[in-house]
Amino acid sequence: MTKPSTDIRSATLDEMPHAVATIVAAFVADPPARFAWPSAHDYLQTMPLATREFAGSCFKHGTAYVCRDFRGTALWLPPGVEPDGETLEKMFRDTAKREHLDDLLATFEKMGQAHPREAHWYLPQIGVDPHAQGKGIGAALMRHALARCDQDRALAYLEASKPQNIPFYQHYGFEPLREIQVGAAPPVTPMLRRPRR
């Protein structure tokens with residue numbers, strides 16, 4: 001098997017399906033996603049739509065970063081660009097497991113409140129195809145975007161959806177702000193990174 005490419009570039013709008021497919025594969029065991037859609041069928045049917053609604057505008061801004069063979073994707077929203085909260089809420093109301101909906105929506109509300117008030121880059125989703133993990137793709141994606149944050153002297157913000165991902169983000173300078181945990185929903189950890197000189 002050939003080594004996956006770690007050359008990073010911006011994906012075009014036409015390439016959105018490839019980039020989104022990588023996120024869907026990478027998030028197949030993501031606790032919040034599977035809390036929303038516990039069945040494999042519901043997850044596979046809805047996660048592509050959720051990804052497009054949550055972070056799809058980054059394709060228009062040139063901030064959907066992929067490696068050449070689409071085995072890794074990082075969807076960054078630049079300062080001033082936010083997900084459409086109203087559309088996302090409607091999608092969750094229409095698709096999420098009924099008994100999890102209130103805890104899920106309350107978690108998203110707290111996530112929104114945790115965002116920095118200052119201008120910042122937001123990383124809603126980063127993922128590597130499970131078949132290609134452990135080969136430096138996630139690191140290359142992270143370095144690529146954070147170089148721009150540092151160049152622009154801008155804050156970077158994300159939410160870690162798994163506790164085991166926190167050390168990876170800390171390695172790149174992100175610091176946990178607090179933990180969000182509502183009812184039966186899995187915990188989410190907002191993390192902030194200040195630009196490096």
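This is a predicted model: local features need pLDDT of at least 70, side-chain atom pairs count only at pLDDT 80 or more; totals for chains, interfaces and linings use all residues.
Reader: Which residue forms a salt bridge with E99?

Author: K97 does, and the closest N and O atoms of the two residues are 3.5 Å apart. K97 has a relative accessibility of 32% and therefore counts as partly exposed.

Reader: How many salt bridges are there?

Author: The count comes to 8. One of them joins D150 to R193, with the closest N and O atoms 2.8 Å apart.

Reader: Where do D150 and R193 lie in the chain?

Author: D150 is in helix α7 (residues 137-152) and R193 is in strand β7, so the pair links distant parts of the chain, 43 residues apart.

Reader: And are those two buried or exposed?

Author: Both D150 and R193 are buried.

Reader: Which strands pair with β7?

Author: Strand β5 (residues 155-160) runs antiparallel to β7 and is joined to it by 5 bridges. Strand β6 (residues 175-176) also pairs with β7 in the antiparallel sense, over 2 bridges.

Reader: Which residues stand opposite M191?

Author: L158 stands opposite M191, and P176 has M191 as its bridge partner in β7.

Reader: Changing topic to helix α5: which of its residues are buried?

Author: In α5 (residues 85-95), L88, M91 and F92 are buried. Seen down the helix axis, the buried residues fall within an arc of 95°, so they line one face of α5.

Reader: What do the buried residues of α5 pack against?

Author: They pack against three helices, namely α2 (31-36), α3 (40-55) and α6 (101-114).

Reader: And what does the face turned away from the buried side carry?

Author: That face carries the exposed residues E86, K90 and D94. The side chains of K90 and D94 meet in a salt bridge of 2.7 Å, N to O. These two residues are 4 apart in α5, about one turn of the helix. K90 counts as exposed because its relative accessibility is 53%.

Reader: What happens at the start of α5?

Author: A side-chain oxygen of D84 reaches to within 3.2 Å of the backbone nitrogen of E86.

Reader: Back to F92. Which residues does F92 touch?

Author: Leaving aside residues up to four places away in sequence, F92 touches A36, W37, L101, L104, L105 and F108. F92 also belongs to the largest nonpolar core, which has 42 residues; F92 is among the members that touch the most others, together with W37, Y43, M47, F59, L75 and A96.

Reader: Which helix gives the largest share of this core?

Author: Helix α1 (residues 16-26) does, with 6 residues. A second, separate core has 27 residues, including Y65, A140, A154 and A156.

Reader: What does T22 touch?

Author: Not counting residues up to four places away in sequence, T22 touches F70, R71, G72, T73, G127, V128 and D129.

How values were computed
Residues are numbered from 1 along each chain as its sequence is written. Side-chain values use heavy atoms; hydrogens and water are left out. Two strands pair if DSSP finds at least two bridges between them. Buried means under 20% relative accessible area, exposed over 50%, partly exposed in between (1.4 Å probe, protein chains only). The arc is that of the directions from the helix axis to the C-beta atoms. Contact means heavy atoms within 4.5 Å. A polar contact is a pair of N or O atoms within 3.5 Å; within protein, one must be able to donate a hydrogen and the other to accept it, and residues adjacent in sequence count only if both atoms are side-chain atoms. A nonpolar core is a set of buried Ala, Val, Leu, Ile, Met, Phe, Trp, Tyr and Cys residues joined through side-chain atoms within 4.5 Å. A salt bridge is a side-chain nitrogen of Lys or Arg within 4 Å of a carboxyl oxygen of Asp or Glu.
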